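Hello,

Here is the structure I promised to pass on.

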Amino acid sequence: MLSNQIISKNLDIKDLHADCEKCFGLCCVALPYAKSADFAFNKSGGTPCRNLGPDNRCGIHQDLREKGFRGCAVYECFGAGQKVSQYTYNGLDWRENPKIQNEMFEVFPIMQQMHEMLSYLYEAIQRKEAKPIFGVLQTALDETEALTKLTAAEILNHDVAGHRRHINELLLQTSELVRGSVKSVRVKGKLKIGRGSDLIGAKLNGVDLRGANLRGALLIAADLRNTDMRTTDLIGADLRDANLSGANLVGSIFLTQAQLNSAMGSVDTKLPPTLTIPKHWK
């Protein structure tokens, strides 16, 4: 890590994690969900969840999994909730200001995307392997941070999809630089290990996956016990119910807390310093 690099004068890693105390429960209102294994009932976008109290706090937050809301337990806004609540709308609560409700609910998921990009860029710019493109990454981070400070109307009119494509190219370059120092992963058998691979339920216990590109891979319920995933690109990988017990994820690329929260693991699982062992792991 390039810990001595000045990433941003205004951005702190804490700004890229949800702070529900400073948010008006936006994820519980703005986002829709369908009844499934992850949600106990249907909810349309813009409608407050029945579990959301008048104080904008979830009434079952400590028991989300047990109450059938695993989807909520693994959601991460990357700090977009407090940014929209306290910065974009300067502390105006949607409950007390009906005229801004719909606009606020439209801005929130866009801000979530931008904060997610900031989180990945923040990590990329600290990787020593990415030093050759440090300047480009720094510019991209500054530009993305500036976008989060636009007015609500400007955010809604911005080409976020185009900006995301640009950022993704930089993240790909970062991934290639990090993984380039490790020999390509070799796995015995017929399993295809690579970007977008279908590895649902795959038996990968103890496999050396260093340097693997698992961007967008389906690792649902995969056996990843004791795997070595240092320098493994995991951006967008679906780790729901994957068993990470004893796995080494230190130095993995673009792993998020939300991904860990959706997986299974143990206190023996080794994680990057910015991530924590989920409460449901044993």
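First, a convention: a crossing is left-handed if the near helix is turned anticlockwise from the far one by less than a right angle, and right-handed if clockwise. Helices are DSSP runs of H or I with at least four residues, numbered from the N terminus.

This is a predicted model, in which local features need pLDDT of at least 70 and side-chain atom pairs count only at pLDDT 80 or more, while totals for chains, interfaces and linings use all residues. Residues are numbered from 1 along each chain as its sequence is written, and side-chain values use heavy atoms, with hydrogens and water left out.

Helices α3 and α4

α3 (residues 101–124) passes α4 (residues 134–147) in a left-handed crossing. Their axes come within 10 Å and cross at roughly 155°. Axes here are lines fitted to C-alpha atoms, for helices over the stretch in contact, and angles run from 0 to 180 degrees between N-to-C directions. The pair is therefore roughly antiparallel (over 145 degrees; under 35 is roughly parallel, 65 to 115 roughly perpendicular, the rest oblique).

α3 makes the contact (heavy atoms within 4.5 Å) with M114, M117, L118, L121, Y122 and A124. α4 brings L137, A140, L141, T144, E145 and L147. By class, 10 of these residues are nonpolar, one is polar and one is charged. Ala, Val, Leu, Ile, Met, Phe, Trp, Tyr, Cys and Pro count as nonpolar, Asp, Glu, Lys and Arg as charged, and the others, Gly among them, as polar.

Helices α2 and α3

α2 (residues 80–88) packs on α3 at an angle of about 125°, with the axes 8 Å apart. That makes α2 oblique to α3. Their crossing is right-handed. A80, G81, K83, V84 and T88 of α2 meet M104, V107, F108, M111, Q112 and H115 of α3. Six of the contact residues are nonpolar, four polar and one charged.

Helix α6

α6 (residues 160–179) has 20 residues. It reaches 28 Å from first C-alpha to last, close to the 28 Å expected (1.5 Å times one less than the number of residues). Its buried residues (under 20% relative accessible area, 1.4 Å probe, protein chains only) include V160, H163, I167, L170 and R179. Their cover includes α3, α4 and α5 (152–157).

G45

G45 lies in the segment before α1 (70–73). At 43% relative accessibility, G45 counts as partly exposed (between buried and exposed, the latter being over 50%). Its C-alpha is 4.1 Å from that of P32, 13 residues apart along the chain. Leaving aside neighbours within four places in sequence, G45 contacts V29, A30, L31 and P32.

Best wishes

Technical notes: Helix = DSSP H or I, 4+ residues; strand = E, 2+ residues; numbered from the N terminus.
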